[in-house]
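Here is a short note to read alongside the model. Please keep the structure open and check each point against it.

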Amino acid sequence: MLRSLVGSEMCIRDRDGNKYVDFALNLGATMVGHCNPQVGREVSRAAMEEGSMLGGPTVHAVLLAEELQRRFWPGWRWRFLNSGSEATRAAIQVARAVTERERVVKIECGYHGVHESVCVSFWNTID
């Protein structure tokens with residue numbers, strides 16, 4: 001198991017100094033690599049000028065939602081979340097509310113996030 005990781009660009013290092021290419025890139029959340037200077041500058045600028053952790057949609061989220069709506073799906077509502085786990089949990093909550101059903105279907109052995117609705121597997125992997 002890798003411990004005490006530090007990331008830089010497309011690589012990570014463990015506490016012993018071993019270097020690894022990070023092909024997972026935080027499951028897609030760091031597609032431009034770790035510690036990307038341009039991303040760091042823009043995030044710092046936005047946090048200092050616009051605030052952070054506002055608890056609601058930011059100006060940028062609203063602009064992106066409007067552009068997505070204009071280009072692809074007029075009339076749809078958009079919700080931006082912090083992780084895939086939050087997104088699948090929210091999607092399941094909406095589906096349960098709309099259908100009034102408790103059960104959901106998921107792909108066996110697929111990654112659907114980390115929450116109680118999807119961390120169940122019925123495939124017996126123990127010999």
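1. A definition comes first. The model itself is predicted.

2. Overall make-up. The chain contains three helices and three strands. Their order along the sequence is β-β-β-α-α-α. The chain has 127 residues, and 17% of them count as buried. Among contacts with a separation of 6 or more, 21% are between residues 24 or more positions apart. The chain exposes about 11,000 Å², with carbon and sulfur atoms supplying 58% of that area.

3. The largest pocket. Its volume is about 940 Å³. Which elements give two or more residues to the lining of the largest pocket? They are α1 (37-50) and α2 (59-71). Of these, α2 gives the most, with seven residues. The lining has 29 residues, and those nearest the pocket centre are G56, P57, T58, A61 and F80. By kind, the lining residues divide into 15 nonpolar, eight polar and six charged.

4. V21, in a strand. V21 belongs to strand β3, which covers residues 19-21. Is V21 buried, partly exposed or exposed? Its relative accessible area is 41%, so V21 is partly exposed, since that class lies between the 20% limit for buried and the 50% limit for exposed. Setting aside neighbours within four places in sequence, V21 is in contact with M10 and C11. S8 is 13 residues from V21 along the chain, and the C-alpha atoms of the two are separated by 10.0 Å.

5. E49, in a helix. E49 lies in helix α1. Its relative accessibility is 56%, and therefore E49 counts as exposed, the cut-off being over 50%. The side chain of E49 also makes a polar contact of 2.6 Å with the side chain of R45.

6. S117, towards the helix α3. S117 is found in the segment after α3 (84-99). Why does S117 count as buried? Because its relative accessible area is 17%, and buried means under 20%. Leaving out residues up to four places away in sequence, S117 touches I92 and R96. With R96 there is also a polar contact between side chains, at 3.4 Å.

7. Two residues with positive phi. C35 is not a glycine, yet its phi is positive, at about 55°. C35 sits in the loop between β3 and α1. With a relative accessible area of 62%, C35 is exposed. E100 is another residue other than glycine with a positive phi, near 60°. E100 lies in the segment after α3, and at 73% relative accessibility E100 counts as exposed.

8. Points to check on the model. Where does E100 lie? E100 is in the segment after α3. Which residue makes a side-chain polar contact with E49? That residue is R45. Which residues does V21 contact, apart from neighbours within four places in sequence? They are M10 and C11.

Key:
Residues are numbered from 1 along each chain as its sequence is written. This is a predicted model: local features need pLDDT of at least 70, side-chain atom pairs count only at pLDDT 80 or more; totals for chains, interfaces and linings use all residues. Side-chain values use heavy atoms; hydrogens and water are left out. Helices (H or I, at least four residues) and strands (E, at least two) are DSSP runs, numbered from the N terminus. Buried means under 20% relative accessible area, exposed over 50%, partly exposed in between (1.4 Å probe, protein chains only). A polar contact is a pair of N or O atoms within 3.5 Å; within protein, one must be able to donate a hydrogen and the other to accept it, and residues adjacent in sequence count only if both atoms are side-chain atoms. Contact means heavy atoms within 4.5 Å. On a 1 Å grid over the protein atoms alone, a cavity is a set of points where a 1.4 Å probe fits but cannot get out, and a pocket is an open set with protein on both sides within 12 Å along at least five of seven lines; lining residues have an atom within 4 Å of a point. Grid points are joined across faces, edges and corners, and a volume is the space filled by probe spheres set on the points. Ala, Val, Leu, Ile, Met, Phe, Trp, Tyr, Cys and Pro count as nonpolar, Asp, Glu, Lys and Arg as charged, and the others, Gly among them, as polar. Accessible areas come from the Shrake-Rupley method with a 1.4 Å probe; for residues, only the protein chains shown count as cover.
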